[in-house]
Amino acid sequence: MSQEPIDAASHLVVRQASKRYGATTVLDRVDLAIRRGELVTLLGPSGCGKTTLLRLIAGLALPDAGTVAIAGRDVTRVPPHRRNVGVVFQNYALFPHLSVAGNVAFGLTVRRRPKADIARAVDKALALVHLDHLAARPISALSGGQQQRVALARALAVEPDVLLFDEALSALDRKLREEMQGEMRRILRDINATAIFVTHDQDEALTMSDRVAVMNGGRIEQLAEPRLIYQRPASLFTLNFVGLSTRISGTVVACDGGIVQVDTKVGRLAATGRFLAGSQVVVATRPEHLRPAAGATGNAVSGRVRAVVFQGSRSLVEVGAGGETLLAELPGQEAALLAPDAEIRLAWPVSETFAFPAPEMAA
Amino acid sequence: MTDTALPLVKAPAAPGRERWLAVALAAPALLILLALFALPLAKLLAASVAGPDGPTLAEYAKLLGTPYYLGVIWNSVRLALLTTGIALVIGYPAAFALARARGAVRSALLACLFLPLAASVIVKAFAWTILLRSDGLVNETLLALGLIDAPIRMIFTETALIVGSVNIFLPFMILPIYTVVAQLDPRLMEAAATLGAAPAEAFVRVVVPLTVPGVVAGVALVFSLAVSAYVVPTLLIGERYPTLSTTIAKAYLLARQPTFGAAAGVVLLVIAVATVALSTRLARLGGAR
């Protein structure tokens, strides 16, 4: 086998999985390995293949090529009902003809567990999501947040090898969603669950997961801890999709020891990266690294304040310079002094400046 | 009364006014139902107990106490039960096929379902008599294929009656079930699968209970149509199989026994209403909402 050996600790391994629908390639040779007890998010725009990857893992869709292994067992051709995965669906897919307890008991009932065991497991799962007092309620009598908890309890009750969440929080309003994020993370930690979340919500991805897989065009662009995804994006797509950034295009004029000098419309900028002189690149940095500065080391650009967006404790300042736009995140009191159209000089360290290959001109 | 008390008096008056508005809006329909349905029904009830010496239950006693008429009642119920049962067995999978079909196939299937409803029941029953008679299409085909040596007697048999009845009332079974099936969330089946239910078990535990309301509606419709069918038994089996409806017609038109006819009408009505009420109750007990 030419492939590298599977990490012994990997609990879920997807290898070279591809899926096409007609002429569209939805998944393109995706590799993914997840450790036991790890929470991983598949993050990407709609159509990036994240839901299809989740359905392959659940067995709800079959890959055209590639394999899926759970807990050391190849399940690529195993139907969903024999995979022991738990899925929390976007619209929860609760059984409307069953009570809360009936929904949670479903997986155990079809496994023909003894009645007493089922009752105990249902109580335990409902207690975990703080719904023990609603066991006898019909599903229709529950709020959205409560339904979401029932869906989680139903998936947990069968003690699945892997828990899968398909946009499970997106139907909730913002405040409830944030509460549920924290609570779900706590619950999943407590039971040491291996879980995959599918979401297009970057905040959800960054707060809930141990690692984030940023997906684009049927491929995983980057799989890393949330902090790295944000601070060290591996591609222009990741930089764009996760968080805000300043992006300035230019031409590399020199490269030395992993630092490139780039000529741009706002002057010469230095960035980390290795490119041949003459390469077209995009120089980028995150807004929190930009500081108002008189004479500064590192990169510096002068421009005019275009807008100040108040965001509570901090403000986002948009600065126009030579046809480019710079985004700076400044503390509230600093930004309050800035009038629109005022002259400002912004500086930021070279170590937080990255160069990416410029996208093809076709776009 | 003080001024401050006035709003308190007014406030509860509003719902009353709304109720009157509701009554006013419903009035035309209520009046029509009252004139065309409730009044004749009351007259029917009165007529069924009319005797020369004041009210009497004699006609009911005759209906429910004579083996012949008990047989007639059973004929009607048997026709309805067989029609409903067979229509359910055929119609349930057909409703799923209809719900799964897409595009032109779906349009064609829907047309198959709706077009026969545009034809009169008399036309359809006659069509069956033409198909099933000894020199009819079915016998000719079987003879031509060499499957039979002599024409089989089909028309004026119970088989003809049931075949025709199922054919004519089948759409009323399929449509309500189809409506429910079309609204089923396919993710419920996926959820059941991920929870460990094999397809057959997921169907029994999830799909069947959720389609109960459609089944109940279909059963109630087909049963009440079949139990009171007049044209279908008259044309497809005739005298050999007297039903309540043919008996009622004979009592009024031939025998001039309006009291007996009215009593038979009431019995028929009670059977139909009781079936609808019972099936609804059973569905509710079964946990369907």
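Predicted model: local features only at pLDDT ≥ 70, side-chain atom pairs only at ≥ 80, totals over all residues.
The contact draws five residues from domain 1 of chain B and nine residues from domain 2 of chain B. Between them, the two domains bury about 490 Å², and 74% of this area is on carbon and sulfur atoms. On the side of domain 1 of chain B, L44(B), A47(B) and S48(B) account for 78% of the area buried against domain 2 of chain B, more than any other three residues.

What classes of residue make up the side of domain 1 of chain B that touches domain 2 of chain B? That side has four nonpolar residues, one polar residue and no charged residues. Across the interface of domain 1 of chain B and domain 2 of chain B, zero salt bridges are found. The count of residue pairs in polar contact between these domains, with both residues at pLDDT 80 or more, is one.

T243(B) is found in the loop that runs between α10 (231-236) and α11 (244-253) of chain B. Is T243(B) buried or exposed? Its relative accessible area is 1%, and because buried means under 20%, T243(B) counts as buried. Beyond the neighbours within four places in sequence, the residues in contact with T243(B) are V72(B), N75(B), S76(B), A229(B) and P233(B). The side chain of T243(B) also makes a polar contact of 3.0 Å with the side chain of S245(B).

The salt bridges form the next topic. Side chains of opposite charge can pair when their charged atoms come close. Over all chains, the count comes to 26 salt bridges. One of them joins R35(A) to E38(A), with 3.1 Å between the closest N and O atoms. The two partners can be described by their accessibility: R35(A) is partly exposed at a relative accessible area of 41%, while E38(A) is buried at 3%.

A further salt bridge pairs R112(A) with E201(B), and here the closest N and O atoms are 2.8 Å apart. R112(A) belongs to the loop between α2 (100-109) and α3 (115-128) of chain A, and E201(B) to helix α9 (residues 199-227) of chain B, so this pair joins two chains. R112(A) counts as exposed, with 57% relative accessibility, whereas E201(B) is buried, with a relative accessible area of 17%.

Within chain A, R314(A) and E329(A) form a salt bridge whose closest N and O atoms lie 2.6 Å apart. R314(A) is in strand β17 (residues 314-321) of chain A and E329(A) is in strand β18 (residues 324-331) of chain A, so the pair ties together parts that are 15 residues apart in sequence. With a relative accessible area of 29%, R314(A) is partly exposed. Elsewhere, R149(A), E183(A), R186(A) and D190(A) are joined into one network by salt bridges that share partners.

Methods: Residues numbered from 1 in each chain as written. Chains lettered and ligands numbered in written order. Heavy atoms only, no water. Contact = heavy atoms within 4.5 Å. Buried area = accessible area lost by both parts, 1.4 Å probe. Salt bridge = Lys/Arg side-chain N within 4 Å of Asp/Glu carboxyl O. Polar contact = N/O pair within 3.5 Å; in protein donor to acceptor, adjacent residues only side chain to side chain. Nonpolar A, V, L, I, M, F, W, Y, C, P; charged D, E, K, R; others polar. Helix = DSSP H or I, 4+ residues; strand = E, 2+ residues; numbered from the N terminus. Buried < 20%, exposed > 50% of the residue type's maximum accessible area, 1.4 Å probe, protein only.
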